[in-house]
Every structure is written in structure tokens, then in C-alpha cells.
Amino acid sequence: MAEKEKTPKNSENPKIDDLYMNTEDGSGEAMTTNQGLKINDDQNSLLAGERGPTLLEDFHFREKMTHFDHERIPERIVHARGAGAHGYFESYGDLSEFTKAGFLGEKGKRTPVFTRFSTVAGFKGSSDLARDVRGFAVKFYTEEGNYDLVGNNMPVFFIQDAMKFPDLIHAVKPEQHNEIPQAASAHDTFWDFISLMPESMHMIMWVMSDRALPRSYSMMEGFGVHTFRFVNKKGESFFVKFHWKPVAGTYSLTWDEAQKISGQDPDFHRRDLWNAIENGNYPEWELGVQIVADKDEHKFDFDLLDPTKLIPEELVPVKLIGKMVLDRNPTNFFAETEQIAFHPGHLVPGIDFSNDPLLQGRLFSYTDTQLSRLGGPNFNEIPINRPIAPVHNNQRGGLMRQTINTGQTSYHPNNIGGGCPFQAKMSEGGFVSHQEKIEGHKIRARSTSFMDHFSQAKLFFESQSKVEQDHMIEALRFELGKVKSEDIRERMVGMLTYVSEELAKHVAEGLGINPITKPEEPLNHSFPADADPKDYEPKEVKSSVQKSEKLSLMASNGKGIKGRMIAILATDGVDAESLEHYKKALKNEGAEAKIISSHSGSISDSNGGAIKVDHSLLTTASVLFDAVFVPGGSKSIEILHKNPDAIRFVDEAYKHYKFIAINGDAMRLWDMTYASKNASPKGVLFDQDAAAFVEAIGQHRIWDREDAARIPV
Ligand code: HDD
């Protein structure tokens with residue numbers, strides 16, 4: 001009888017394990033009903049006679065079917081598609097000068113975390129590869145209560161006020177009449193809305209950039225977006241922006257790859273995260289903060305409370321304060337990843353809000369959404385949501401209540417219960433909101449300091465490398481090319497002229513728009529009925545920073561090739577030595593080398609040894625790999641060089657700027673490719689040592705391979 005393990009082990013965090021006392025794997029146990037009655041027949045319904053109708057009294061059938069009928073919960077209204085993992089956060093040192101948050105206290109202190117990554121627009125079953133923002137939400141199970149940092153992989157947002165969030169999401173989600181297209185912003189309603197909302201221009205630049213096509217969750221940055229507050233023991237407050245910096249560096253996919261991967265493996269990012277953790281290549285990020293003293297609130301040429309602005313790192317450097325490592329996959333997707341409930345309002349002492357009107361609105365939305373998604377007010381009792389800090393209060397009852405509160409009292413003040421639970425003094429860890437002085441009229445309005453919509457959009461575009469700018473132009477041509485309404489296309493191109501004449505010109509060329517007409521005033525259509533539109537028109541501001549290096553993805557390359565996927569094209573008769581040599585070198589550096597062959601099963605090498613095939617050319621594609629190695633072996637190449645799938649595999653890798661290593665006889669296969677028409681192709685290593693290949697793929701892509709785009713695959 002297999003031993004039944006009640007608790008998934010997490011050696012770092014025994015307290016987290018305590019939250020999972022309900023785990024159940026059934027091994028070695030008899031099957032039972034939910035009442036614990038042992039089941040004798042789970043194959044047949046209870047019938048009136050061998051060929052008769054099913055009897056209503058079949059309680060086992062009814063219980064099983066009823067549970068099945070209700071086993072889905074509403075998907076998240078946004079960020080429905082995602083994947084998560086457990087891990088820990090380790091503090092780099094004492095941050096008490098700025099915050100009293102305990103988990104950022106002493107050096108080396110570890111706090112368990114659960115992190116969920118997601119796309120925003122697609123439904124739960126949609127492709128991971130949509131051009132979209134990625135959610136980056138981290139729950140820290142601190143000793144002072146759960147702290148959630150619910151961010152994205154882009155540091156700004158589309159809108160400035162939460163009031164517009166339902167409109168934004170309605171515009172980007174599939175259109176209401178036919179529920180098309182899925183997980184795509186390339187359609188009329190999205191661009192109709194965006195072209196009327198100049199405040200979205202900075203975010204649009206990010207979404208049209210390669211940031212929207214991450215190679216992997218572990219290769220993207222994360223941002224808290226809003227300005228938050230740190231508060232120290234003395235009650236002094238500081239503005240703070242949060243950053244997650246991936247240790248692996250920031251890398252992206254090309255749009256052509258993303259579209260093809262959507263067909264080949266729509267779970268690409270989820271699988272990548274899962275496999276990396278299973279293989280011990282734990283994804284890591286460093287947490288960074290930009291801290292601004294209270295007195296410096298107004299020293300910038302943008303408003304710190306405006307979520308469409310970032311603080312250029314040239315103005316306030318990012319200070320690294322800790323590291324997050326994701327080292328354990330969920331035991332059960334539904335129980336953990338699906339049921340986790342994040343909320344930007346889950347705070348610990350030492351962290352507080354700013355008055356960013358987008359953040360303020362989010363503080364309402366998240367609990368509200370959990371009520372319908374998780375079915376009632378007790379979602380905090382679901383294991384993945386339970387804090388490791390003890391919970392004591394007078395909240396009682398409600399759907400699916402788990403806690404059995406003992407005693408007589410559920411109110412405060414009380415004498416019968418000895419006045420418990422009592423209120424904690426600040427010195428005992430009681431949370432006290434930062435005492436910000438507020439004065440003013442009760443108004444619905446947008447601050448005039450929020451009216452600069454283009455300076456940072458411009459800054460972002462200007463800070464990209466030429467390759468990245470070209471990708472943005474292509475992205476806009478694609479997105480707007482899918483828009484049916486010519487009015488919307490033209491209005492959008494007109495709007496782009498305010499960001500960059502150059503950008504607008506190139507996009508217009510692709511769309512056949514000539515001449516470009518600047519949109520008629522008002523440019524901004526998001527103003528109240530009685531307002532003077534002029535008060536809402538964009539203000540021209542010149543950014544004090546003209547170029548910010550860190551805004552280019554290429555500025556944050558990682559070290560090494562940990563977690564990269566390398567395809568080795570081989571079949572029977574492959575040269576045993578070069579195959580082994582390369583495999584070893586790649587494995588030593590933490591990359592995954594997979595044998596791709598003309599058939600599944602196993603192949604025999606030149607020494608007669610058997611090698612397990614990971615995929616046949618039928619079940620995989622070049623777009624799922626970061627680089628390709630073709631070892632020699634005359635027999636192997638004799639077969640492969642006649643195989644159109646093998647030729648296409650290499651050509652496609654070339655098209656996507658990937659490094660390719662060709663050894664010995666593999667030259668015959670190379671000669672069959674389109675790519676070989678270039679006599680001195682960049683990034684193709686002929687008969688070089690494995691170490692040179694490892695070093696090359698550390699760069700990920702060879703972007704200056706000018707002829708890559710001409711490959712017709
Ligand atoms: Fe949100 C989910 C991030 C603006 C309302 N949001 C959600 C998730 C992330 C973000 C990562 C998924 C969490 C998970 O994995 O379960 N949202 C952001 C960021 C924003 C933002 C970085 C802007 C800076 N969100 C935003 C606004 C509102 C919401 C303005 C509404 C006023 N977001 C929600 C929500 C969701 C959500 C409807 C859906 C599922 C959930 O909360 O749990 O409440």
C-alpha cells in the first residue's frame with residue numbers, strides 16, 4: 001500500500017505546509033462518497049433491470065454528477081489565463097530607514113511567496129502568446145500578515161482613473177456582438193477607444209514593444225506600477241515604486257514566433273515555468289525600489305500619482321533590496337493557482353497607498369471580484385489565501401465558513417470574552433494608516449498635472465534600439481491593419497504623430513495612409529459632459545530625460561543560458577561524440593537540450609548506442625526552441641537533408657535570429673536551406689567548439705542578421 005502523504009513538503013517554510021493539512025492523494029485508500037461511504041461500483045448507474053432506466057435513488061451517481069456540474073468557478077474578469085508557483089523572498093538587508101515592514105528587515109530573512117503570472121485580455125483557455133500585458137502578482141506570507149504586490153510586466157497603465165477600467169476592458173475583450181477575437185487587441189473596439197484616449201499613448205508604446213511578447217515569465221521584469229508609500233518606525237513616509245528584475249535577463253519572442261507558438265504550444269509560458277521548476281532551474285528576480293522623499297513629491301516634470309508615468313532610472317536609481325526564488329510547483333492548479341485571491345489592499349505595517357486614483361479604485365475592485373469568483377466572504381480561509389500570521393476577529397458565518405470559532409462573544413468591546421480579541425498597539429504591530437494631510441473640495445476631476453500624455457511615450461520610443469523600434473512599427477501596422485474602420489486607423493495614426501512623426505510615418509506607409517491627418521480637436525474624448533474640453537487637452541511637456549537606457553529590453557541581458565531550450569536535430573547514425581560533447585556542455589550551463597528526430601522512440605548513434613528521442617519533427621517546431629544544433633554523422637544527415645521538415649526547422653530558426661551550430665556532415669543539410677544562400681551568414685557556427693555555441697546563445701538572438709526576414713517560412 002502506497003504511503004499517503006498529507007502535506008506537500010516545503011522544507012524552507014514549515015508554516016506554509018501547515019496551511020495544507022487538507023491535501024489528499026487517495027493512494028492506497030478505498031474510494032468513498034463525500035460522506036465517507038466506501039464505494040463498490042463506480043462504473044455503472046443503478047438501473048431498474050439490466051436494460052432499464054436509472055433509478056433516482058442512485059445517491060452515488062447524483063452526488064458525483066452534482067459535484068462535476070459545479071466544478072468550475074467564474075474565471076477572473078481580467079487576467080483569467082495564468083500560471084503560478086511557490087517560492088520564497090529573501091531580504092538583502094535592513095531597510096528600516098525607510099520602512100518598518102518586517103519582511104524587509106534583517107538580511108537573509110526569508111518569507112514564503114506564491115506568484116501568479118497571467119495575460120490580461122484572453123479567456124482562461126486562451127493562448128499564452130497574445131500580444132498583451134502580463135500580470136505579475138506576488139503574495140508574501142509575512143509574519144505580520146499577507147502582503148500582495150499585484151503588478152504587471154510594464155511599469156505604466158492605459159488609464160489614469162479606475163472609473164475607466166470597465167471601458168478599457170470592454171474595448172479590449174472580444175467584441176460584444178460575436179465574441180471575436182479571442183486574446184487579441186487587434187480589433188476595432190480596442191483601437192476605437194485608444195484613439196480617443198491620449199492618456200493611453202505611453203502604455204500603448206509598451207504594449208506594441210517586445211515587452212508584450214516575453215520569451216518566458218522568468219525573463220520579464222515586473223512593476224508595482226503605482227507609486228506606493230513606505231513608512232518607517234518614526235512615522236516618516238517615502239514614495240516608492242517597486243521593480244522586479246529577472247536574474248536571467250529580459251528576452252522576448254518575435255511576433256511571427258508568437259503567432260506560430262500559439263498553434264504549436266499555446267501553454268508555452270506555463271509549460272516553461274513548470275519545467276524550469278521541475279528541472280531545478282528556479283526562476284529568480286531581484287526586488288528593487290525607487291525611493292523618493294516626501295519633500296521631493298513635486299520635483300519631477302510629471303505627477304508621481306499619475307499611473308501613466310514612470311520615474312526614469314536616470315532620475316532615481318533602483319535600489320535592490322531582496323531576491324525572489326520560485327522553487328515549487330503547485331500541487332493542484334485549481335486549489336492554488338485558480339483560487340488564489342490577490343488584492344493591492346493587502347498591506348503590512350510599513351507599506352501604504354498613495355492617492356493614485358487608479359490604485360484607489362483597485363482597492364474596491366479586488367474584494368468585490370473575489371466575492372463572485374470564489375463565492376462568498378470566506379475566501380480568505382482557502383488554504384492558498386490563508387496568512388501564516390494568526391487571524392482573530394469578530395467576523396462570523398457566511399457561505400462555506402471553515403473556522404469553528406469557540407466561546408460566547410463575537411463583538412467588541414466585550415467583557416465576557418475578556419475584551420478579546422484586543423486591538424494591537426502600533427508597538428505590537430497594529431496597522432496605522434499614514435497620516436497624510438488632505439484638504440480640498442469634493443470634486444470629480446482630473447488633476448491638471450495629469451495632462452501630459454506624450455512626453456514619456458516619446459521617451460520610451462526614443463529609448464528603444466533600432467530593432468525594437470522596427471518591431472513597434474510592425475506591431476502597429478499589424479494591429480491597425482486588422483482594424484476594419486478606416487476612420488479609426490487614420491485617427492490612431494494621427495495620434496501617433498504626437499508621439500513621433502517618424503513612427504507615425506512608417507506606420508502610415510504600412511497602412512497605405514497618405515497624407516496623415518492630425519485628429520481634430522478635442523484630442524481627448526474622456527472629459528465630463530459639462531467640462532470645457534480645453535481643460536482636458538494634452539499639455540506639451542518636454543521630458544527632462546531624453547533617452548533612458550533601461551527602457552530598452554536589450555539593456556538588461558542576463559548571464560548564461562539557464563533555462564534555454566536547445567534543439568538537436570539528429571536521427572539514426574548521428575555522430576556520437578559531437579552529440580555527447582554538445583549535450584554535456586549545454587546541460588552543464590543549465591540549458592535543456594532536446595533530441596528532435598525524423599521519428600519518435602529512440603535512435604542509434606554512430607557507436608550503436610541508443611538515444612531517446614524527445615520529439616519527432618511532427619510533434620514540435622523550431623519556434624519552441626532558442627537555438628539549434630545539427631551534429632554530423634553521414635547516415636543521419638543522409639536522412640535529414642531530404643526531410644523538408646528538418647530543412648524548414650533550420651530555416652525558421654534562422655528567420656527568428658537564433659544561433660545555429662552545424663557540425664561535419666550537417667553541412668549537407670545546411671546547403672539545402674534558404675539561409676545558406678548567404679555566403680557568410682551571421683550567427684551560424686560551422687564546426688566550432690560547444691563552448692563557442694554556449695557563449696553565442698547567451699546573447700539569445702543575433703539581431704543584426706540583416707537577411708533573416710527574407711526566409712519564406
Ligand atoms: Fe487588476 C486582477 C494587475 C488595474 C481590477 N490585476 C489583476 C491581476 C493582476 C492585476 C496581476 C491578476 C491577479 C491574479 O493573478 O490573480 N490591475 C493590475 C495592475 C493594474 C490593474 C498592475 C494597474 C496598475 N485592476 C486594475 C484596475 C481595476 C482592476 C484599475 C479595477 C478598478 N484586477 C482587477 C480585478 C481582478 C484583477 C477585476 C480580476 C481578478 C482579480 O482581480 O482577482 O479585481
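Predicted model: local features only at pLDDT ≥ 70, side-chain atom pairs only at ≥ 80, totals over all residues.
Biologist: What is the handedness of the crossing as helix 11 passes helix 13?

Modeller: The crossing of helix 11 with helix 13 is right-handed. On the side of helix 11, the contact is formed by Ile473, Leu476, Arg477, Leu480 and Gly481. Helix 13 contributes Leu503, His506, Val507, Glu509, Gly510 and Leu511. By class, this contact between helix 11 and helix 13 comprises six nonpolar, three polar and two charged residues.

Biologist: At what angle do helix 12 and helix 13 pack, and how far apart are their axes?

Modeller: Helix 12 (residues 486-496) packs with helix 13 at an angle of about 155°, and the two axes are 8 Å apart. Because angles over 145 degrees count as roughly antiparallel, helix 12 is roughly antiparallel to helix 13. Here the crossing is left-handed. Arg489, Val493 and Leu496 of helix 12 make the contact with Leu503, Ala504, Val507, Ala508 and Leu511 of helix 13. The residues of this contact of helix 12 with helix 13 fall into seven nonpolar, no polar and one charged.

Biologist: How are helix 11 and helix 12 arranged: parallel or antiparallel?

Modeller: The axes of helix 11 and helix 12 come within 10 Å and cross at roughly 155°. The two helices are therefore roughly antiparallel to each other. Helix 11 passes helix 12 in a right-handed crossing. The residues that meet are Leu476, Leu480 and Gly481 from helix 11 and Arg489, Met492, Val493 and Leu496 from helix 12. By class, this contact of helix 11 with helix 12 has five nonpolar residues, one polar and one charged.

Biologist: Which residues lie nearest the centre of the largest cavity?

Modeller: Pro155, Phe223, His243, Leu310 and Glu313 lie nearest the centre, out of 18 residues in the lining of the largest cavity. Strand 7 (residues 237-246) gives the most to this lining, with four residues. The lining of the largest cavity divides into nine nonpolar, three polar and six charged residues.

Biologist: Which residues line the second largest cavity?

Modeller: The lining of the second largest cavity includes Asn153, Asp210, Arg211, Pro214, Met219 and Met220. Glu221, Thr250, Tyr251, Ser252 and Leu553 also belong to the lining of the second largest cavity. By class, this second lining has five nonpolar, three polar and three charged residues.

Biologist: Backbone geometry remains. What is omega for the peptide bond from Ile180 to Pro181?

Modeller: Omega for the bond from Ile180 to Pro181 is near 0°, and this peptide bond is cis. Pro181 lies in the loop between helix 3 (165-172) and helix 4 (188-194). The peptide bond from Cys420 to Pro421 is also cis, with omega near -10°. Pro421 is placed in the loop between helix 9 (357-373) and helix 10 (455-463).

Biologist: What value does phi take at Glu179?

Modeller: Phi of Glu179 is near 50°, which is a positive value in a residue other than glycine. Glu179 is located in the loop between helix 3 and helix 4, and Pro181 lies in the loop between these helices as well.

Methods. Residues numbered from 1 in each chain as written. Heavy atoms only, no water. Left-handed = near helix turned anticlockwise from the far one by under 90°. Contact = heavy atoms within 4.5 Å. Nonpolar A, V, L, I, M, F, W, Y, C, P; charged D, E, K, R; others polar. 1 Å grid on protein atoms, 1.4 Å probe; cavity = no way out; pocket = protein on both sides within 12 Å on 5 of 7 lines; lining within 4 Å. Axes fitted to C-alpha atoms, helices over the stretch in contact; angles between N-to-C directions. Parallel < 35°, antiparallel > 145°, perpendicular 65-115°, else oblique.
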